[in-house]
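Welcome, and please load the model in your viewer. We will go from one selection to the next and look at what is there.

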Amino acid sequence: IKVVQELTQCPAEKLAQILRSNVVDDVIFVISYSKLGEIEEHIGLCEQMGVGVHIMTDWLKNRASIARIEECCGIPMVTFDIIRRKALDHVIKRIIDFTVAAAGLIITLPLLAVIAAAIKLSSTGPVFFIQTRSGLNGRIFKLYKFRSMIQDAEKLQDELRGKNEMSGPVFKIKDDPRLTFVGKILRRTSLDELPQLFNVIKGDISLVGPRPLPVSEANNLQLWQRRRLSVIPGITCLWQISGRNEIDFDQWMELDMQYIDHWSLWVDIKIMLLTIPVVLMQKGAQ
């Protein structure tokens, strides 16, 4: 960039004279937010003369989100994105989700049938456990899992609240007494989560993303923790490959923020690959 001239004070008439007498491709205004109205005439002048305009203002600095200009109903609009929303990347992510989930269901169909039969024959209650969870920006959806606990286990949660081993609003107990014999095996091997592939196909969740919390737990998140709802939740994320239930709740939330701030397709692929040995070694599973 070659700077033609730098000016502290510049009436519109003087700017017009400079633009006439110099080769100028762009004009950059560095101005405080409170004085933006003072350069409206200058911007109109640059537009008239076909010169590009850039505005740098203190209003946009020191923000975690990414600013971009869009147009809504013919009116310019500044948009702040918490993550980089490259449309093509998100389309590719959705294609990967659908393809892998569909293939996974087809390949594991015999295993799904065996697990369903084992649950039905070993305990009273439905094969699937269906729970409402908080998804993208608080959208509520039904998450599918194989039932690993006795029937109506959620009703006993208040009685066990004193044994909760996880900080924050979530509820986790090692060797939960509500688990059935088959359920313990499913939890240790993470096979209880296979039905979530249906949720991936539906678009409720992704293969990779922050774990969706039950609505009651999501409603009790601190304000900074609610940023985890700004992306589509997933089956696995940094929490799963970093120890799961072996780390405390605040660390879990920090890992979700780290994922959001550094998201890319490559990050998703790496997390999926790292999830495989974690599941096989049953690291942090309960």
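Which element supplies the largest share of the lining of the largest cavity? The answer is H10, with four residues. Before selecting anything, note that this is a predicted model, where local features need pLDDT of at least 70, side-chain atom pairs count only at pLDDT 80 or more, and totals for chains, interfaces and linings use all residues. Residues are numbered from 1 along each chain as its sequence is written, and side-chain values use heavy atoms, with hydrogens and water left out.

**Stop one: the largest cavity**

Select Lys93, Ile96, Asp97, Ser206, Leu207, Val208, Leu265, Asp268, Ile269 and Met272, which line the largest cavity. A cavity is a set of points on a 1 Å grid over the protein atoms alone where a 1.4 Å probe fits but cannot get out, and lining residues have an atom within 4 Å of a point. The space inside comes to about 60 Å³, a volume being the space filled by probe spheres set on the points, with grid points joined across faces, edges and corners.

Now colour helix H3 (87-107), strand E7 (206-208) and helix H10 (265-280): each gives at least two residues to this lining. Helices (H or I, at least four residues) and strands (E, at least two) are DSSP runs, numbered from the N terminus. By class, the lining has six nonpolar, one polar and three charged residues; Ala, Val, Leu, Ile, Met, Phe, Trp, Tyr, Cys and Pro count as nonpolar, Asp, Glu, Lys and Arg as charged, and the others, Gly among them, as polar.

**Stop two: the second largest cavity**

Next, select Ser134, Gly135, Pro210, Arg211, Pro212, Arg228, Leu229, Val231, Ile232 and Pro233.

**Stop three: the aromatic cluster**

Finally, show the side chains of Trp239, Phe249 and Trp252, which form one aromatic cluster. Rings of Phe, Tyr and Trp (its six-membered ring) pair if their centres lie within 6.5 Å; planes under 30 degrees apart count as stacked, over 60 as edge-to-face and the rest as tilted. The structure holds three such pairs. Trp239 and Trp252 are stacked, at 4.1 Å centre to centre with 10 degrees between the planes. Trp239 lies in helix H8 (residues 238-241) and Trp252 in helix H9 (residues 249-261), so this pair ties together parts 13 residues apart in sequence.

Are Trp239 and Trp252 buried or exposed? Both are buried, meaning under 20% relative accessible area, against over 50% for exposed and partly exposed in between (1.4 Å probe, protein chains only). Phe249 is buried too, at 2% relative accessibility.

Technical notes. On a 1 Å grid over the protein atoms alone, a cavity is a set of points where a 1.4 Å probe fits but cannot get out, and a pocket is an open set with protein on both sides within 12 Å along at least five of seven lines; lining residues have an atom within 4 Å of a point.
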